[in-house]
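Subject: Structure handover

Hello,

Please find the structure below.

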Amino acid sequence: MAIQDDWSIDYVNKTITHASGTTRYTVNTLYSWLMDLFDDAGQMDDPVPMSAQTPTEYTLINGWSFGSDADLGYLYGGSIVDGTNNDVWANFYTIGTIVEEAVVYWKQGTSLVASHPGYVQGHIDQLIKVIDNGVSTNDRKITAYIRNLGDLYDHFEVTAPLTGGRNPVPLATANDANDDETGSTVLGVSVVFGSVSKDIGDGLGSATYSVVIDGGGNSVVDVYRYLKYVTRRENTSAIDSPENLTEGRFYESVDPTYAQTKQAPFGTFAGGKFFGARGIWVENISDPNNRELIDSAGVSHIPPVSITVTVTGVANGDRVLVARDDGLGNINKSQYTISSVTTNSITVTATISGDVSTSGIIRVGDTQYTYTGITAPNVFTGVSPDPTGKTGSLFVPLVDAIASGTSLASGSMIYSSDFGVIVRVRKKGILPFENTG
């Protein structure tokens with residue numbers, strides 16, 4: 001259809017209206033049609049409705065205006081100033097390399113701007129009102145987003161000039177090999193905004209973070225997929241009500257002054273590791289070594305390597321002991337010397353090594369005690385049973401238990417340097433096993 005079949009002119013009310021059809025026309029095509037129409041003999045007594053400042057910037061003049069804002073959805077490729085109503089419609093269009101199924105959506109202030117009629121996916125070229133009755137909306141800023149699950153995200157903010165103008169919006173997306181679109185099935189993850197102090201164990205002490213991501217015991221890649229899911233384009237829910245009411249689809253960063261990670265707002269994933277955005281703390285994950293975080297002050301924190309020792313190939317009922325050696329092929333039963341004892345704690349004379357698990361078993365001679373924590377620098381806490389009266393030396397086995405399956409594992413510990421161990425497995429009726437490592 002030709003433009004004259006889709007648009008109508010009301011000479012009495014001086015309005016230009018989209019009347020029918022789904023074809024979208026460039027603003028230049030509309031201008032050219034009007035200029036062709038108004039140079040006819042019968043129109044020479046009527047003032048022209050439109051003027052051109054540049055090939056992409058136009059103005060409605062002489063009291064002319066559009067019939068409704070919806071008419072502008074059928075135009076692209078240029079901006080329009082409505083001098084009668086003091087409105088400005090800027091033209092925004094996306095450029096760059098994006099995945100084939102990418103869907104662009106717009107934000108103005110805190111609200112979604114509807115895409116033009118007929119838009120489904122791919123790049124978009126659209127007029128958006130940035131000045132309404134002489135008042136700029138959100139300082140004429142518009143943000144374009146692409147956030148399809150399974151792809152890396154992107155967004156970009158553009159400020160239109162007072163004349164509207166034709167404004168390119170660069171976007172770049174690609175397939176995300178780490179997002180298999182299963183984020184909706186990841187359970188137990190929570191996102192809580194608020195200042196907290198956390199220590200990753202890197203020797204820098206506690207640092208302040210602005211958001212706590214509780215991984216619910218999931219792997220860090222599953223947490224990453226969940227965070228992608230809650231920031232996808234379909235999520236209109238608040239990211240953390242009432243602390244942060246930003247809709248998930250519009251969430252960019254915990255603080256507007258922080259550098260953004262546009263590909264994934266809470267943090268990216270590469271090489272098997274999660275790289276948190278600034279101010280994001282991640283905890284309670286099954287693989288805590290696979291995270292690198294940045295505190296709210298912008299300081300990077302890499303966790304020390306957490307390790308466990310596992311003895312496999314055992315049988316139900318086997319007694320298993322793994323303990324440090326003394327360098328001479330014997331168990332080091334004098335790892336620490338007792339300084340003092342209370343009903344639920346043992347203080348030793350030396351600083352407890354950072355590679356001792358924060359909970360586990362203590363042996364004082366042949367007596368076995370459990371402990372639930374370590375208070376720096378030299379106190380085992382939560383000791384049971386009551387160790388009152390104990391003196392002398394103690395050691396901390398890595399494993400000291402009876403197997404109930406085919407393997408036994410130590411608690412997690414921080415690797416600082418290699419050390420030797422002696423491994424013993426014994427059970428009546430089975431030849432005793434011993435090895436070193």
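About 300 Å³ of space lies in the second largest pocket. Its lining is made up of 15 residues, and Lys-107, Thr-246, Phe-250, Tyr-251 and Glu-252 are the closest to its centre. A pocket here is an open set of points on a 1 Å grid over the protein atoms alone, with protein on both sides within 12 Å along at least five of seven lines, and a lining residue has an atom within 4 Å of a point. Grid points are joined across faces, edges and corners, and the volume is the space filled by probe spheres set on the points.

This is a predicted model, in which local features need pLDDT of at least 70 and side-chain atom pairs count only at pLDDT 80 or more, while totals for chains, interfaces and linings use all residues. Residues are numbered from 1 along each chain as its sequence is written, and side-chain values use heavy atoms, with hydrogens and water left out.

Strand 20 (residues 244-247) gives the most to the lining of the second largest pocket, namely 3 residues. Strands (E, at least two residues) and helices (H or I, at least four) are DSSP runs, numbered from the N terminus. The lining of the second largest pocket has 4 nonpolar, 6 polar and 5 charged residues. For these classes, Ala, Val, Leu, Ile, Met, Phe, Trp, Tyr, Cys and Pro count as nonpolar, Asp, Glu, Lys and Arg as charged, and the others, Gly among them, as polar.

The largest pocket has a volume of about 590 Å³. Of the 25 residues that line the largest pocket, Gly-201, Pro-304, Gly-354, Thr-358 and Ile-414 lie nearest its centre. Strand 33 (373-375) and strand 38 (413-414) each supply at least two residues of that lining. By class, the lining of the largest pocket divides into 12 nonpolar, 11 polar and 2 charged residues.

**Cavity**

The whole structure has 1 cavity of 30 Å³ or more, a cavity being a set of points where a 1.4 Å probe fits but cannot get out. The largest cavity holds about 30 Å³ of space. Its lining includes Tyr-251, Tyr-258 and Arg-278, and by class has 7 nonpolar, 1 polar and 1 charged residues.

**Ser-296**

Ser-296 sits in the loop between strand 24 (291-294) and strand 25 (300-301). Ser-296 counts as buried because its relative accessibility is 13%; buried means under 20% relative accessible area, exposed over 50%, and partly exposed in between (1.4 Å probe, protein chains only). Leaving aside neighbours within four places in sequence, the contacts of Ser-296 include Tyr-258, Arg-278 and Gly-279, where contact means heavy atoms within 4.5 Å.

**Salt bridges**

The count comes to 19 salt bridges, each a side-chain nitrogen of Lys or Arg within 4 Å of a carboxyl oxygen of Asp or Glu.

- Arg-225 and Asp-222 meet in a salt bridge at 3.2 Å, N to O. Both lie in helix 3 (residues 220-230), 3 residues apart, about one turn of the helix. Arg-225 is buried at 15%, whereas Asp-222 is partly exposed at 23%.
- Arg-232 pairs with Glu-234 in a salt bridge, with the closest N and O atoms 3.8 Å apart. Arg-232 is buried at 13%, and Glu-234 is partly exposed at 43%.
- Within it, the closest N and O atoms of Lys-129 and Asp-132 are 3.7 Å apart.

Regards
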